[in-house]
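Here is a brief report on the structure shown below.

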Amino acid sequence: MIAEFGSFALVLGLAFAAAQFVLSAAARLRRSTVLAAAGEGAAVAAFAGVAIAFACLIHAFVTSDFSVANVAANSHTQKPLLYKVAGTWGSHEGSILLWCLILTGYGAAAATLGRGLPRGLKASMVATQGALGTVFLAYTVFASNPLARLPLDRIPVEGNSLNPLLQDPALAIHPPFLYSGYVGMSVVFSLAVAALIEGRVDAAWARWVRPWALAAWSLLTVGITLGAFWAYYELGWGGWWFWDPVENASFMPWLMATALLHSAIVTEKRGALAGWSLFLAIGAFTFSMLGAFLVRSGVLTSVHAFAVDPKRGVLLLIILGVTAGSAFTLFAWRAPKLSRGGVFAPISRESALVLNNILLAAATMTVMLGTLYPLIREAMTGEAISVGPPYFNLTFAPLMACLGLVLPAGPLLAWKRGDLAGVAQRLWAAALIALACGVGAYALVSPRKAFGALGIALGAWLVAGALTELAERTRAFRVSAGDSWRRLTGLPRGAWGMTLAHLGLGVFVLGACCELGWRGEAAEALPLGGSLDVAGYHLTLETVGPREGKNFDAERALIRVTKAGREICTGEPDRRFYPAGGQTISGIALCYRGASHLYMVLGERRTTAPDSSGRGGMPVWLIRAYWNPWASLIFLGPVIMALGGIASLSDRRMRLGVGRRREAQAAPATPDAPPPTPLRPGQEQTA
Amino acid sequence: MIAFWVTAGVLSAAAAMLMLWRAAGAAARPEPTDVTSIFYRRQLAEIGDLADRGLIEPEERKSAEAEAGRRLLAAADAPVEAWTPGVGRGPVLAAAMAVPALALALYIAVGAPGLADQPFSARLAKWRASDPRTLAPAEMAAVLEKLTSERPNDPEGFRFLALAEGAAQNPAGAVRALKHAVRLAPERGDLWEMLGEAEVYTAGGALTDDAITAFRRTLALDPKNIAARFQLARAKIKAGDREGGLADWRALLADMAPNDARRADLQSAIAEASGAPAPVQAPPMAEGGGAAGGLSADQMSAVRGMVDGLAAKLQANPDDQEGWVRLVRAYAVLGDAGKRDAALKAARARYAGKPEVLDALTQAAAAAPMKQGQ
């Protein structure tokens with residue numbers, strides 16, 4: 001009954017999403033508050049329906065109900081409970097239901113929380129969100145139903161299990177974060193479409209967009225980082241980013257959202273770049289849908305590429321084309337009529353943010369070209385080519401390096417007209433630190449790596465630049481320590497958010513450049529007692545023994561690590577065989593040395609050739625070891641960036657309802673009454 | 001069934017009520033003020049607040065306040081759309097009734113009304129209560145799996161589980177069960193022998209290191225064990241010690257009873273390995289033929305089925321380097337050179353940047369083919 005109840009709740013969610021669209025659109029046309037509120041209620045009901053369906057699907061996975069086709073195809077009785085639950089979104093059907101859950105969740109949140117929005121804008125937004133919900137739920141119900149049942153005589157005794165590579169704690173929580181980021185862009189998209197329908201994009205619109213964009217961006221940052229960390233330790237080759245199309249699919253909306261966050265500031269503060277902000281808002285969700293299409297359609301080969309049914313890929317492409325096509329058509333029609341914002345000088349905060357947007361947009365295009373070109377070429381010529389790191393190193397990296405160079409200057413420039421000489425004067429210390437770090441890295445670190453040293457200099461420049469900006473805000477060393485402290489504690493959280501985000505970028509650049517520049521590697525087939533050396537560390541294979549997991553059998557090695565005769569740590573990498581899927585994967589071991597990692601992998605067991613007496617040879621194991629200097633910073637940097645996003649999000653100015661009641665009391669009761677007197681500075685703080 | 005429809009009805013009613021409640025609240029609430037003007041007044045307040053805390057310069061404050069003030073005036077001057085309740089309760093009530101009806105129609109189209117849940121625990125309980133002779137091998141394996149979890153120290157339980165897994169065409173499950181069994185009773189040569197056979201079967205007839213280890217343990221416990229002697233001699237030949245392996249096989253042949261049905265298989269193997277023509281007499285494939293290293297027609301068919309399954313699995317999920325190595329080795333052992341080369345080409349293209357995988361693929365492709373009944 002529970003599986004069928006979930007099935008009913010799912011179609012109920014679809015019906016209410018359709019009602020949300022129809023009622024909200026009708027409300028906009030008739031300017032009816034009752035219909036608008038009914039549409040908002042339908043949004044909450046749609047979310048409730050999908051949430052119940054999702055809970056029922058989790059129940060089916062947990063109880064191994066193989067009468068649900070999706071459970072039979074993706075679960076197994078011997079899977080640990082965590083991965084039974086995570087299996088809910090580990091399949092194509094389940095992941096699309098997760099998408100719908102988050103989509104309707106954002107729709108319900110926007111309908112409930114957006115009380116401070118103009119009526120028309122809100123009704124159009126809720127209607128757009130309802131239309132998106134209807135389209136994706138219809139796809140789920142009719143083409144990808146996760147609760148579809150099998151006839152009683154076709155229920156298998158045991159399930160097919162989940163790809164072992166996906167049975168990992170980081171990957172269990174990676175999709176919810178990633179999807180929360182992807183789908184969070186839907187609210188931004190809906191607000192853009194609503195603004196185009198209303199024909200009005202102003203500073204207020206930009207403020208209403210920013211909390212949603214910030215939330216989505218922060219969640220996407222965490223999701224991508226979790227994915228990179230999973231790739232780092234689960235795939236067993238020591239890499240964290242390979243410019244794989246699946247990785248790129250998540251990176252493109254992140255780049256667009258980053259550009260949007262910056263352009264929305266200009267729109268909010270100066271009323272400028274309104275059309276561009278709209279374009280980015282539509283583009284960010286379009287790239288999210290493109291990512292879903294690439295990963296779910298079966299055109300890519302990866303652990304995430306579940307759908308081998310081309311019909312579903314075509315349907316997703318149609319959804320992408322219709323949704324994005326409609327929005328961009330509306331944009332082309334309405335955007336030229338939008339009013340232009342304030343003017344600004346070539347040297348100003350606005351110009352710096354425009355440059356930031358140009359570089360981010362160009363970087364997004366290079367990633368898109370490198371991702372889609374091989375697919376288009378293969379579709380047209382049948383010839384498979386691969387676009388890998390060399391292309392991205394030559395295109396993406398220089399653009400990002402330029403962005404990194406100008407980034408610390410942006411926040412120090414004044415709005416409208418900036419003073420470049422003054423900024424240069426304030427940044428000289430940061431430049432000196434960066435130069436010293438770069439020269440020091442080149443001169444002192446062996447082997448000498450020019451590009452690695454340049455990367456270190458860039459990372460140091462970003463970190464020092466972010467700290468300089470903070471020092472400028474608090475007037476550190478120019479006023480008394482007490483006064484600086486007072487300013488520091490009084491800084492708005494939005495300012496902290498910006499500083500943290502820029503600081504996090506610098507930390508990431510430091511880690512990435514150091515890891516890529518000075519990475520060490522060694523591999524050798526070792527017998528018991530054998531050893532190998534990497535980056536001055538001596539690794540000895542002590543023992544190899546069996547290890548029994550809940551749903552796998554493994555060989556586990558004990559590797560002792562010493563340096564100059566002193567024991568440093570031990571690592572226990574293993575090699576797991578999952579009988580349910582017949583797959584073997586490596587479980588790596590990490591030895592942390594400060595921010596650096598010694599990464600150990602146990603490979604296949606082999607037997608050496610028989611000796612002259614004809615007796616069998618001894619077993620040897622392929623041991624691979626990597627020295628990844630400052631690798632922790634690669635993952636710490638984005639976490640700091642996401643914290644920056646959360647800090648900004650917690651800024652009271654981002655809360656749409658703040659001050660509403662109090663100000664509503666001060667405002668006239670009728671719309672045609674004269675405008676009230678502006679509040680005195682500081683009054684808003686008490687609201 | 002009744003409980004289902006009652007619950008579905010309650011859910012639909014609750015969702016519809018939510019919609020009606022929101023609509024009723026809106027009809028009763030007064031029309032809010034112009035929120036855009038409110039925003040610009042807040043922006044002015046924020047500018048003042050930041051300036052008071054010394055976070056923006058006085059000149060910048062003046063400019064920002066002037067701009068926000070202009071926007072506030074423009075917003076106040078902009079025509080404000082009048083929103084009213086607009087419609088009575090009728091349309092919303094109609095929607096509240098139509099939406100659950102639409103959901104019901106959709107559910108009847110895509111759902112399976114009346115189909116009860118089938119949690120594994122309930123199905124297992126049903127199988128346990130049934131006559132074992134009526135159970136399919138996979139169901140029997142599930143029952144035995146549960147029994148072994150209840151009696152984790154009984155090697156015999158794991159042996160039966162291995163037999164059931166084998167019958168259910170799950171050789172990997174059989175190997176896992178036998179590994180449990182030998183851990184519990186390492187002194188039992190029959191379990192080691194079964195494990196070795198299962199390993200060979202799982203590898204598509206190839207002698208893996210694990211299989212060799214199992215046969216060595218068998219031989220240590222039972223020096224006359226025919227299967228272990230045959231396979232270890234075969235391992236010698238594969239490793240390049242042809243003479244040593246042939247000598248072991250000949251010794252084995254001498255030790256075998258004259259009426260042992262496996263003698264013919266062994267003679268064929270010796271003849272092939274020594275380059276001599278195989279005996280004219282067709283070797284009878286006795287029940288123990290598999291234990292002597294060869295595979296019966298049925299077994300060979302099962303192996304081919306498993307290899308095809310592996311190939312299909314790799315097509316669906318090609319990012320499995322271990323799987324590619326196994327597939328190439330399996331085709332090589334089965335003597336299917338065309339498929340071996342095709343799989344090798346595909347795998348080499350996929351793992352062009354991984355020399356260790358390329359080495360393993362090359363070694364796998366070089367595995368000597370095994371003929372049926374060999």
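## A buried loop residue

A:Ser91 counts as buried, because 25 C-beta neighbours lie inside 10 Å and the cut-off is 20 or more. The model is predicted. A:Ser91 sits in the loop between helix H4 (81-86) and helix H5 (92-113) of chain A. A:Leu162 is 71 residues away along the chain, yet the C-alpha atoms of A:Ser91 and A:Leu162 are separated by 8.2 Å.

## The four-stranded sheet of chain A

Chain A holds an open sheet of four strands in the order E1-E10-E9-E8. The pairing is antiparallel. Which strands form the edges? They are E1 and strand E8 (589-593), each of which pairs on one side only. From one strand to the next, the twist averages 20°.

Take the pairs in sheet order. Strand E1 (residues 520-526) of chain A joins E10(A) in the antiparallel sense, over seven bridges. Within E10(A), A:Ala625 is the bridge partner of A:Ala522. Strand E9 (residues 596-607) of chain A also pairs with E10(A) in the antiparallel sense, here over nine bridges. There, A:Leu598 has A:Trp627 of E10(A) as its bridge partner. E8(A) and E9(A) pair over five bridges, again antiparallel.

## Chain B: overall make-up

Chain B has 17 helices and zero strands. Of its 374 residues, 42% are buried. Among contacts in chain B with a separation of 6 or more, 51% are between residues 24 or more positions apart.

## Two helix pairs in chain B

Helix H12 (residues 242-255) and helix H13 (residues 263-274) of chain B pack with their axes 10 Å apart, at an angle of about 155°. H12(B) and H13(B) are therefore roughly antiparallel to each other, since the angle is over 145 degrees. Their crossing is left-handed. On the H12(B) side, the contact residues include B:Leu246, B:Trp249 and B:Leu253. On the H13(B) side, they include B:Leu266, B:Ile270 and B:Ala273. The residues of this contact divide into eight nonpolar, three polar and three charged.

Helix H16 (residues 337-350) and helix H17 (residues 355-365) of chain B form another pair. Their axes come within 10 Å and cross at roughly 175°. That angle makes H16(B) roughly antiparallel to H17(B). H16(B) contributes B:Arg340, B:Leu344, B:Ala347 and B:Arg348 to the contact, and H17(B) contributes B:Leu358, B:Leu361 and B:Ala365. Five of these residues are nonpolar, none is polar and two are charged.

## Where the chains meet

How many residues of each chain take part in the contact between chain B and chain A? On chain B there are 89, and they are in contact with 98 residues of chain A. Helix H1 (residues 2-28) of chain B gives the largest share of the chain B side, 15 residues. By residue type, the chain B side divides into 48 nonpolar, 18 polar and 23 charged.

Technical notes: Residues numbered from 1 in each chain as written. Chains lettered and ligands numbered in written order. Predicted model: local features only at pLDDT ≥ 70, side-chain atom pairs only at ≥ 80, totals over all residues. Buried ≥ 20, exposed ≤ 12 C-beta atoms within 10 Å, placed from the backbone. Contact = placed C-beta atoms within 7 Å. Nonpolar A, V, L, I, M, F, W, Y, C, P; charged D, E, K, R; others polar. Axes fitted to C-alpha atoms, helices over the stretch in contact; angles between N-to-C directions. Parallel < 35°, antiparallel > 145°, perpendicular 65-115°, else oblique. Left-handed = near helix turned anticlockwise from the far one by under 90°. Pairing = 2+ DSSP bridges.
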